[in-house]
Structure formats: structure tokens, C-alpha cells
Amino acid sequence: MRITFQLIILFYCFTFLLSCTEEESLNINYPRIKTLDVSVNTMEEVIYQAEITYRGETEILSYGFVWSQGNNPDLISGSQVRLNGKPESNIFTIPIHDFLIKNTTYTIRAFVETDQYIIYGQKIEFTSLCCL
């Protein structure tokens with residue numbers, strides 16, 4: 001009888017924990033962003049592209065791209081191009097003319113920043129053909 005009671009209590013505790021996790025994940029309402037393929041337009045220009053797949057309920061304060069020769073670029077350690085305000089369209093592009101070393105592999109990802117979060121898109125690797 002005692003083991004049955006303990007199993008019932010354990011079952012209810014487990015169910016309660018799972019239900020809290022689902023509710024919390026449904027209530028997080030921040031933007032989502034997807035890094036799109038890098039376009040090499042000419043020998044002198046690379047175009048970074050991204051799509052905001054969900055704008056959420058928090059205001060976007062800035063957006064852009066971070067990149068580095070390492071595996072995990074972020075706003076602290078990577079090079080960046082940032083635009084203030086929110087993008088007019090869900091898809092945005094930013095041409096890059098400088099800052100890249102020719103024949104070098106970079107990892108890039110898009111980001112959006114709100115007053116509460118910095119949200120990064122997935123990482124994309126590309127090899128530069130242009131610039132320095």
C-alpha cells in the first residue's frame with residue numbers, strides 16, 4: 001500500500017512538472033529569426049540575408065549580423081553590422097564591402113535584439129572571395 005501511494009505521488013509530481021514546462025514555453029513571446037544563405041554578388045561584395053519568422057510581442061530595438069572566423073559568433077566576440085529600430089520587412093539584407101579577408105572561412109548568424117532578449121539565427125559558414 002505504501003509503495004502504491006508513493007508511486008501515485010511521484011506520478012502527480014512528474015505530471016505537474018511537465019505541465020509547467022509546456023505553459024512556460026508557450027508564453028515566451030520573443031521574435032524568431034532565420035539566417036539565410038550568404039550571397040556573393042561580386043568579387044567586392046557579400047550580401048548577408050535573414051528572415052524574421054515570428055515578430056513576437058516584444059519590440060525589436062536593433063537587428064543585424066555577427067560573424068567571425070570561429071564557430072560561435074556573438075555580439076561580444078564577433079564582428080557585427082547592426083541597424084537600429086525594427087526592419088520594415090520580415091526579410092532583410094545587408095551588403096558587406098569590407099571587413100573580410102579573401103579566401104577565409106567565416107561563420108555568420110543573424111540576430112534581433114529586444115529590451116529583454118538577444119535572439120540569434122542558426123549559423124551559416126561561407127568562404128569569402130573578396131575584400132582585404
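Student: Is Phe126 buried or exposed?

Tutor: This is a predicted model, in which local features need pLDDT of at least 70, side-chain atom pairs count only at pLDDT 80 or more, and totals for chains, interfaces and linings use all residues. Residues are numbered from 1 along each chain as its sequence is written, and side-chain values use heavy atoms, with hydrogens and water left out. Buried means under 20% relative accessible area, exposed over 50%, and partly exposed in between, with a 1.4 Å probe and protein chains only. The relative accessible area of Phe126 is 9%, so Phe126 is buried.

Student: With which residue does Phe126 form a stacked aromatic pair?

Tutor: Rings of Phe, Tyr and Trp (its six-membered ring) pair if their centres lie within 6.5 Å; planes under 30 degrees apart count as stacked, over 60 as edge-to-face and the rest as tilted. The partner ring lies 5.8 Å from that of Phe126, centre to centre, with 25° between the planes. The partner is Tyr106.

Student: How many residues apart in sequence are the parts that Tyr106 and Phe126 tie together?

Tutor: Strands (E, at least two residues) are DSSP runs, as are helices (H or I, at least four), and they are numbered from the N terminus. Tyr106 lies in strand β7 and Phe126 in strand β9 (residues 124–127), so the parts tied together are apart in sequence by 20 residues.

Student: What kind of aromatic pair do Phe65 and Phe92 form?

Tutor: Both Phe65 and Phe92 are buried. Their ring centres are 5.4 Å apart and their planes make an angle of 55°, and the pair is tilted.

Student: Which residues form one aromatic cluster?

Tutor: The search of the whole structure finds 7 aromatic pairs. The cluster is formed by Tyr48, Tyr63, Phe65, Trp67, Phe92, Tyr106 and Phe126.

Student: Which residue forms a salt bridge with Arg82?

Tutor: A salt bridge is a side-chain nitrogen of Lys or Arg within 4 Å of a carboxyl oxygen of Asp or Glu, and by this rule the count comes to 1. The closest N and O atoms of the pair are 2.4 Å apart. Arg82 is in strand β5 (residues 79–84), and its partner, 31 residues apart in the chain, is in strand β7 (residues 105–113). That partner is Glu113.
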